[in-house]
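Thank you all for making the time this morning.

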Amino acid sequence: MQQALALARNALFLSNPNPRVGCVIMSVDGRTELGAGFTQQAGGPHAEVMALRDAAARGSDVRGATAYVTLEPCSHHGRTGPCCDALIAAGIGKVVGAITDPNPRVAGQGFERLRAAGVKVEIDAAAGVLSRELNIGFFSRMSRGLPWVRLKAGMSLDGATALHDGQSQWITSEAARVDGHRWRAQACAILTGIGTVLGDDPLLNVRGVDTPRQPKLVIVDSELRTPPTAKLFDVPRDVLIYCAELDARRQSALEARGARIFHLPASNGQVDLQAVIRDLGQREINELHVEAGGTLNGALMQAQLIDECLLYLAPSILGNAQTAFSGMELTQLKDAPQLEYQQAALVGPDLRIQAIVAGHDRF
């Protein structure tokens, strides 16, 4: 199962919006690996089929063998056929699964179909914890209808993200920036605000990381001010712009650059952020990676839309400067969002902190 989990991590940048799954097929006596595989790009074969194909290529007889798989084999027709049927047809004798698939179209039916066909089924609960963590966005979308929203920010030790004149390049080290690109690569989409687009003219793509796909880019732009000449359009990928006010001329110019425009006004004339996150869940976004300015960061946090923070702290002090959550307006300390530290690690000279907003992983 540990090998299957390691294989699943190979799908980290590959399988979205499908879950990252690994499968290892072992001989009846448990001593010989017969085949192994992991989930490919959406529309491609899943881990179980890849493992069966690998076994066939090796000339292995899998009848009666045991398949270790990090997520319940699917039982429905989606982009591909049911994996449980493939295992049954191959004559697999036993399946050790890490965790039940949260997809309502599966949700235990894969295991039940295997049992009905005479295949023994066991659950490895300890591996299930690791599989869920690896697929937190998929579990979030299937359970809540919402993506897992991870906010990334680079800042000084006293929480500054830029000087008052906007200077921010670079507060954190190159090592931290490379690490940040790996987190971008595993997301289905990157979200930013119009302030960042106008102020920095960023590409907001994955660079320096070997990835088969670029995440979608989502822009919160209330007045539809994104310039059609922005560098972000130079990257081949889907660009989704959510606005609160429509302007036919601007919309036409942006659509000519390939952008898709969505009108989601809120009562205060700003984009309805709750509606944005819900809509992205419906568009099969598992993990949403936020890289924005303090105003949008604060609005998302205050609206309880952030699930996790990925913070890179540089060993420097900037004093009176812009902060990561300037858009928050609290009147009482008890209203402050509480975070639960998950991990802290040095990345070059910087400290990377991962913390989950309290209660947000309990689904």
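Let me begin with a convention on charge: Lys and Arg count as positive and Asp and Glu as negative, while His and the chain ends are not counted, and the place of a charge is taken as NZ of Lys, CZ of Arg, CG of Asp or CD of Glu. On that basis the chain carries 35 positive and 38 negative charges, and their mean positions are 4 Å apart.

Before going further, please keep in mind that this is a predicted model, in which local features need pLDDT of at least 70 and side-chain atom pairs count only at pLDDT 80 or more, whereas totals for chains, interfaces and linings use all residues. Residues are numbered from 1 along each chain as its sequence is written, and side-chain values use heavy atoms, with hydrogens and water left out.

Now to the overall picture. The chain has 11 helices and 16 strands, these being DSSP runs numbered from the N terminus, with helices as H or I of at least four residues and strands as E of at least two. The C-alpha trace spans about 65 × 45 × 40 Å along its principal axes. The radius of gyration, taken over C-alpha atoms, is 22 Å, which agrees with the value near 21 Å that a compact globule of 363 residues would have; the globule rule here is 2.2 Å times the number of residues to the power 0.38.

Of the 363 residues, 52% are buried, where buried means under 20% relative accessible area, exposed means over 50%, and partly exposed lies in between, with a 1.4 Å probe and protein chains only. If we take contact to mean heavy atoms within 4.5 Å, then among contacts with a separation of 6 or more, 70% join residues 24 or more positions apart. The chain exposes about 16300 Å², and carbon and sulfur atoms supply 49% of that area, as computed by the Shrake-Rupley method with a 1.4 Å probe.

Let me turn to the annotations, which come from an unreviewed UniProt entry that lists His-46, Cys-74 and Cys-83 under "binding site". These three span 38 residues in sequence, yet no two of their C-alpha atoms are more than 9.2 Å apart, so they gather at one spot.

Cys-74 sits in the loop between β3 (66-69) and α3 (83-90), and with 7% relative accessibility Cys-74 counts as buried. Beyond its neighbours within four places in sequence, Cys-74 has contacts that include His-46, Cys-83 and Val-106. Cys-83 belongs to helix α3 and is buried as well, at 2% relative accessibility; leaving out residues up to four places away in sequence, its partners are His-46, Glu-48, Val-49, Pro-73 and Cys-74.

Which residue does UniProt list as "active site"? The unreviewed entry gives Glu-48, which is placed in helix α2 (residues 47-58) and is buried at 3% relative accessibility. Outside four places in sequence, the residues that Glu-48 touches include Cys-23, Pro-73, Cys-83 and Leu-87.

A further "binding site" annotation in UniProt, again from the unreviewed entry, covers positions including Gly-154, Trp-170, Gly-298 and Ala-299. The positions of this annotation are spread over 146 residues of sequence and also in space, with up to 28.2 Å between C-alpha atoms. Gly-327 is among the contacts of Gly-298, and Ala-299 is in contact with Leu-273 and Gly-327.

Finally, the backbone. Most residues other than glycine have a negative phi, and most peptide bonds are trans. In this model the bond from Asn-16 to Pro-17 is cis, with omega near 5°, and Pro-17 lies in the loop between α1 and β1 (22-26). Phi is positive, near 65°, at Glu-284, a partly exposed residue with a relative accessible area of 31% in the loop between α10 (273-282) and β12 (287-290). Gln-304 has a positive phi near 60°; Gln-304 is exposed at 61% relative accessibility and is placed in the loop between α11 and β13 (308-314).

Technical notes: UniProt positions renumbered as here; feature names shortened; annotations may be inferred.
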